Amino acid sequence: MNKIVAVMAGNVWKVLVQPGDKVEEGQDVVILESMKMEIPITAEFSGTVKDVKVNEGDFVNEEDLLIEVE
């Protein structure tokens, strides 16, 4: 199981994938908003989304789990 985590604290602005979606390395999966900037979070590996741990509007801290990929 591979995990995609937040690279910084912020609000989840958009969740771009859902369970069952295929993702490719480098694909944007979540967009965080922090200090009026949009920060794309990308998959570091290819696979299938097993679970999305956040919802749009949630606040996350650095290193919080966002998505599990298998």
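This report walks through the strands, core and side-chain contacts of a predicted model.

Since the model is predicted, local features need pLDDT of at least 70 and side-chain atom pairs count only at pLDDT 80 or more, while totals for chains, interfaces and linings use all residues. Residue numbers start from 1 along each chain as its sequence is written, and side-chain values use heavy atoms, with hydrogens and water left out.

**Two sheets**

A quick word on terms. Strands (E, at least two residues) and helices (H or I, at least four) are DSSP runs, numbered from the N terminus. Two strands count as paired if DSSP finds at least two bridges between them. In general, strands of a sheet pair through backbone hydrogen bonds, either parallel or antiparallel.

| Strand pair | Bridges | Facing residues |
|---|---|---|
| Strand 4 and strand 5 | 6 bridges | Aspartate 28 and threonine 42 |
| Strand 2 and strand 4 | 4 bridges | Lysine 14 and isoleucine 31 |
| Strand 2 and strand 7 | 2 bridges | Asparagine 11 and phenylalanine 59 |
| Strand 1 and strand 8 | 4 bridges | Asparagine 2 and valine 69 |
| Strand 6 and strand 8 | 3 bridges | Aspartate 51 and glutamate 68 |
| Strand 3 and strand 6 | 2 bridges | Lysine 22 and threonine 48 |

Of its 5 residues, 4 are buried, so strand 8 is largely enclosed by the rest of the structure. Buried here means under 20% relative accessible area, exposed means over 50%, and partly exposed is anything in between (1.4 Å probe, protein chains only).

**The core**

In soluble globular proteins, nonpolar side chains tend to be buried together. A nonpolar core is taken as a set of buried Ala, Val, Leu, Ile, Met, Phe, Trp, Tyr and Cys residues joined through side-chain atoms within 4.5 Å. In this model the largest such core has 19 residues, and those with the most contacts inside it are Ile4, Val29, Val30, Leu32, Leu66 and Ile67. The elements that give two or more residues to this core are strand 4, strand 5, strand 6 (47-52) and strand 8 (65-69).

Take leucine 32 and see what it touches, with contact meaning heavy atoms within 4.5 Å. Leaving aside neighbours within four places in sequence, the contacts of leucine 32 include Ala6, Met8, Trp13, Met37, Ile39, Ile41 and Val60.

**Charges and rings**

By the rule used here, a salt bridge is a side-chain nitrogen of Lys or Arg within 4 Å of a carboxyl oxygen of Asp or Glu. The count comes to 1 salt bridge. The side chains involved are lysine 53 and aspartate 51, at 2.8 Å from N to O. Lysine 53 counts as partly exposed because its relative accessible area is 40%, and aspartate 51 is also partly exposed, at 25%.

Lysine 14 has its charged end over the ring of tryptophan 13, 5.3 Å from the ring centre. The test for that asks for NZ of Lys or CZ of Arg within 6 Å of the ring centre and within 35 degrees of the ring normal.

**Loops**

The loop between strand 4 (28-34) and strand 5 (37-42) holds methionine 35, and lysine 36 lies in the loop between strand 4 and strand 5 as well. Neither is a glycine, but methionine 35 has a positive phi of about 50° and lysine 36 a positive phi of about 65°. Methionine 35 is exposed, with 70% relative accessible area, and lysine 36 is exposed at 80%.

Further along, glutamate 44 is in the loop between strand 5 and strand 6. Glutamate 44 counts as exposed because its relative accessible area is 66%.
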